[in-house]
Amino acid sequence: MKELLKKISVVALVLGTHASLQAQSQATIVVDADRGTTQISRHIYGHFSEHLGHCIYGGLYVGEDSPIPNTKGVRNDVIEALKNIKIPNLRWPGGCFADEYHWRDGIGPKSERPKMINTHWGGITEDNSFGTHDFLDMCELLGTEPYICGNVGSGTVEEMSKWVEYMTFDGESPMSKLRTENGREKPWKVNFLAVGNESWGCGGNMTPEAYADNYRRYQTFCRNYGSNHLMKVAGGANVDDYNWTEVLMQRVPAHMMWGLSLHYYTHPGGWDNKGSATQFTIRQYAETMKKALYMDELVTRHDAIMTKYDPQKQVALVVDEWGSWYNVEPGTNPGFLFQQNTMRDALIAATTLNIFHKHADRVRMANLAQIVNVLQAVIFTDGDKMLLTPTYHIFDMYKVHQDATLLPSTVHSDMYKVDEYEMEQVNASASVDKEGVIHISVANLDHEKSVQVKVDVRGKKLNALQYAQILTSQAIGDYNSFEEPNKIELSDYTKKCTLKNDLLTFTIPSKSVVTIAIK
């Protein structure tokens with residue numbers, strides 16, 4: 001009996017404590033509503049789709065002959081869900097896959113396309129039935145901008161140059177003729193182009209000096225055709241490789257690159273054992289959140305190096321792979337990187353987006369990895385079924401910040417501490433949109449304590465509280481499943497908030513995220 005009670009106590013600690021039993025902390029947020037100057041680029045809210053597991057096949061794409069309702073082979077339910085969160089850009093075809101992908105294999109009649117081995121992700125056969133036309137047509141359906149990742153690792157300058165010509169040239173040439181023969185007369189609009197991926201690793205194991213020289217050469221032959229203007233992104237650092245950033249900024253002038261990338265994934269433990277997506281202790285939760293907050297230091301330090309060479313901040317920092325990464329779900333293909341998505345992941349997403357907002361003068365594009373069925377996905381599919389993850393709901397409630405003006409804000413809260421991991425309980429960001437509506441998003445990282453929040457909005461007279469939304473759950477390890485697809489979803493929180501004399505007050509429960517609109 002004692003052992004049973006001990007196990008029950010451990011489970012209660014891991015899963016969280018009911019809000020009614022919580023102690024309460026205090027937090028103050030000061031928002032300077034008259035001092036905003038920096039725009040939060042909508043492209044911070046970008047996503048990533050790689051030929052990995054069931055991201056493309058079964059996730060985004062089922063083929064035109066599928067009984068699952070689709071448009072040009074792309075699932076209608078997924079199209080509708082992604083349009084709802086206004087995804088601004090979508091990265092493709094990788095990832096590591098990009099540097100073994102040869103675009104000509106993915107055009108022309110599907111039955112005649114050559115097959116290849118996906119050596120990075122499970123060693124499975126890739127039939128190339130989803131290629132350039134399929135991806136760019138899908139982006140048009142979604143109303144999103146394509147972010148093409150070119151092959152530097154195993155490709156040639158000519159191959160990348162002709163791909164750009166194939167996609168964007170509006171005139172008479174061999175590539176535009178080939179595109180027309182394959183069913184597309186007019187070119188697509190393709191602004192974002194990554195010149196290689198993770199060239200320090202799976203993209204070629206290059207030194208930063210070697211990659212910088214390769215980048216200069218490859219980007220030279222990626223032309224602007226007609227009104228299409230390429231915004232070229234150089235392959236940047238792996239996490240805290242600050243020397244990589246230093247070398248790239250030294251060797252590549254600002255006029256040759258629109259952005260420089262950065263990749264960072266959040267996980268407890270080491271790469272050999274990243275822990276379970278759902279079965280974790282409170283200590284592992286605190287460790288994970290501390291690592292999510294490390295994004296702030298990474299961006300700050302890479303930005304400082306970039307500013308030495310680019311004080312006007314012409315070059316964007318593009319965090320085009322970020323998110324949580326755990327051990328795969330038991331019984332699934334380890335090469336498919338499928339993991340569940342809990343309230344912990346929602347807090348990682350909110351915290352990371354708050355950090356990106358803070359650095360919006362340099363971070364002007366980011367891509368969550370990955371969009372469907374892989375890593376920190378916003379959508380899961382299973383046959384004809386689809387569900388929205390807690391991370392999806394964060395992107396839904398945060399979409400109000402896209403292209404809004406960042407409002408300087410300071411947060412003072414109690415500290416949240418578990419063993420050696422200590423951090424502020426609360427993080428937040430605020431913005432004002434073109435209609436003058438102020439949106440404030442607040443995350444409470446504490447797994448058991450609610451927080452009484454006072455938001456002091458200065459520099460603007462406030463008239464009314466428009467709405468408030470909350471995302472929370474009874475337990476930090478809760479998640480949506482096909483058996484319970486709506487266990488975690490957005491709820492109205494307006495009646496829990498009070499606006500009086502330009503002071504907004506509310507109590508945010510533990511493990512929760514709130515977005516409030518006021519004018």
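Figure 1. C222 is buried, with a relative accessible area of 2% (buried, under 20% relative accessible area; exposed, over 50%; partly exposed, in between; 1.4 Å probe, protein chains only). Residues are numbered from 1 along each chain as its sequence is written. Because the model is predicted, local features need pLDDT of at least 70 and side-chain atom pairs count only at pLDDT 80 or more, while totals for chains, interfaces and linings use all residues; side-chain values use heavy atoms, without hydrogens and water.

**Figure 2. The disulfide of C96 and C202.** A disulfide is taken as a pair of cysteine sulfur atoms within 2.5 Å, and by this rule the count comes to one. The sulfur atoms of C96 and C202 are 2.2 Å apart and form this link. The angle about the S-S bond is -90°, and the link is left-handed. C96 lies in the loop between β5 (89-92) and β6 (116-118), and C202 in the loop between β9 (192-195) and α6 (208-220), so the pair ties together parts that are 106 residues apart in sequence. Helices (H or I, at least four residues) and strands (E, at least two) are DSSP runs, numbered from the N terminus.

Figure 3. C96 is buried, with a relative accessible area of 11%, whereas C202 is partly exposed, at 25%.
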